[in-house]
Amino acid sequence: MEAIDPLRYRERGMSRKIAVIFDFDDTLAPDSTSAFLASIGVDVDDFWARRVKRRLEAHWDPIPAYLYEMIVESNTRPASDRITRDRLAAFAEQVVFFPGVKEIFPALRAEARAIDSDIEVEFYLISSGIGEILRGTSIADEFTDIWACDFHYGEDGEIVYPRNVVSFTEKTRFIFQISKGLVGAEVRANIAEVNRKMRGGFAIPFQQMVVVGDGQTDVPCFSLIKRYGGSAIGVCDPEAPSKWEKARLLVTDDRVESMCAAVYREGGGLHRTLHRSVKDIAQRIALADRGAGSLS
């Protein structure tokens with residue numbers, strides 16, 4: 001794919017939007033799936049280290065493996081204690097975010113508008129977590145669109161089958177949808193639209209994107225965005241030192257530009273890194289706009 005020169009944006013229908021794309025679990029909040037399972041009395045360590053692991057050893061993909069084990073867990077319970085849509089949605093209210101998460105959205109919008117009042121920052125969520133939980137959180141309205149794993153529910157609202165699975169390279173499909181402006185409920189029924197050849201400019205070019213994530217499922221997105229001039233930022237749960245070694249590999253393998261503790265509040269390294277990334281993109285857009293205007 002062609003890397004687009006910023007000075008040509010205006011001629012091709014220049015985008016004045018910036019996309020900041022987040023993973024969720026261990027990026028914006030501690031693992032919400034584990035927290036939900038713990039809330040209904042599941043031994044979380046056993047769930048991941050034994051039950052899901054045995055699926056991985058049988059060559060399952062990690063994401064269908066955990067979704068299947070949740071269905072198995074639900075089916076072994078009495079009817080009154082099964083995992084249901086309502087139970088997942090209700091848990092969303094219990095999700096606790098990393099410090100400063102709720103404040104980062106207006107702060108980044110203000111950062112871009114300080115450069116140019118017409119520049120808009122849009123936020124997106126691409127997660128291998130459970131959509132019913134993520135769409136019910138108090139920050140869900142901040143996102144232009146949310147893609148996550150979903151269950152099909154039976155007549156009693158119980159989980160019966162994975163309906164959507166978001167994993168590894170599957171995440172990059174949604175990056176392409178964002179770039180082409182294929183977002184929102186109206187495009188859900190026509191997934192082939194993402195393959196449509198662009199005529200004119202992108203809704204949001206890759207180099208006007210910032211991707212923030214914590215782990216291996218985010219690597220394809222990191223690689224795609226870095227290749228075309230966007231910004232890839234790795235984060236790690238500050239309360240989980242055991243995860244830092246794996247997180248550091250994202251830096252040593254050149255998957256991300258920087259690795260920060262998942263602390264979003266003002267004064268922290270992640271806060272500064274996000275603001276710098278958005279500011280740099282906004283300045284690039286403003287410069288391209290002035291350059292194009294001088295030629296008209």
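Colleague: In which helix is L56 found?

Modeller: L56 lies in helix α2, residues 44-57; helices (H or I, at least four residues) and strands (E, at least two) are DSSP runs numbered from the N terminus. Before we go on, this is a predicted model, where local features need pLDDT of at least 70 and side-chain atom pairs count only at pLDDT 80 or more, while totals for chains, interfaces and linings use all residues. Residues are numbered from 1 along each chain as its sequence is written, and side-chain values use heavy atoms, leaving out hydrogens and water.

Colleague: Which residues form a nonpolar patch on the surface?

Modeller: A patch takes residues with over 30% relative accessible area and no salt bridge, and joins nonpolar side chains (Val, Leu, Ile, Met, Phe, Trp, Tyr) within 5 Å, or like charges within 9 Å. A salt bridge is a side-chain nitrogen of Lys or Arg within 4 Å of a carboxyl oxygen of Asp or Glu. Here L56, W60 and Y68 make up the patch, with about 250 Å² of accessible area together, by the Shrake-Rupley method with a 1.4 Å probe, where for residues only the protein chains shown count as cover.

Colleague: What is the order of the strands in the sheet?

Modeller: Two strands pair if DSSP finds at least two bridges between them. This open sheet of 7 strands runs β4-β3-β2-β1-β5-β6-β7, with mixed pairing. At the edges, β4 (159-164) and β7 (258-261) each pair on one side only. β3 (residues 143-153) pairs with β4 in the antiparallel sense over 4 bridges, and D150 stands opposite N164 in β4.

Colleague: Which strands does helix α5 touch?

Modeller: Contact means heavy atoms within 4.5 Å. Helix α5 (residues 101-115) packs on the sheet against β1 (17-22), β2 (120-130) and β3, its direction making about 145° with that of β2. Axes are lines fitted to C-alpha atoms, for helices over the stretch in contact, and angles run from 0 to 180 degrees between N-to-C directions.

Colleague: Where is the place of E239?

Modeller: E239 sits in the loop between β6 (231-236) and α9 (244-252), and is exposed, with a relative accessible area of 69%. E239 and P30 are 209 residues apart in sequence and 9.1 Å apart in space, C-alpha to C-alpha.

Definitions and conventions. Buried means under 20% relative accessible area, exposed over 50%, partly exposed in between (1.4 Å probe, protein chains only).
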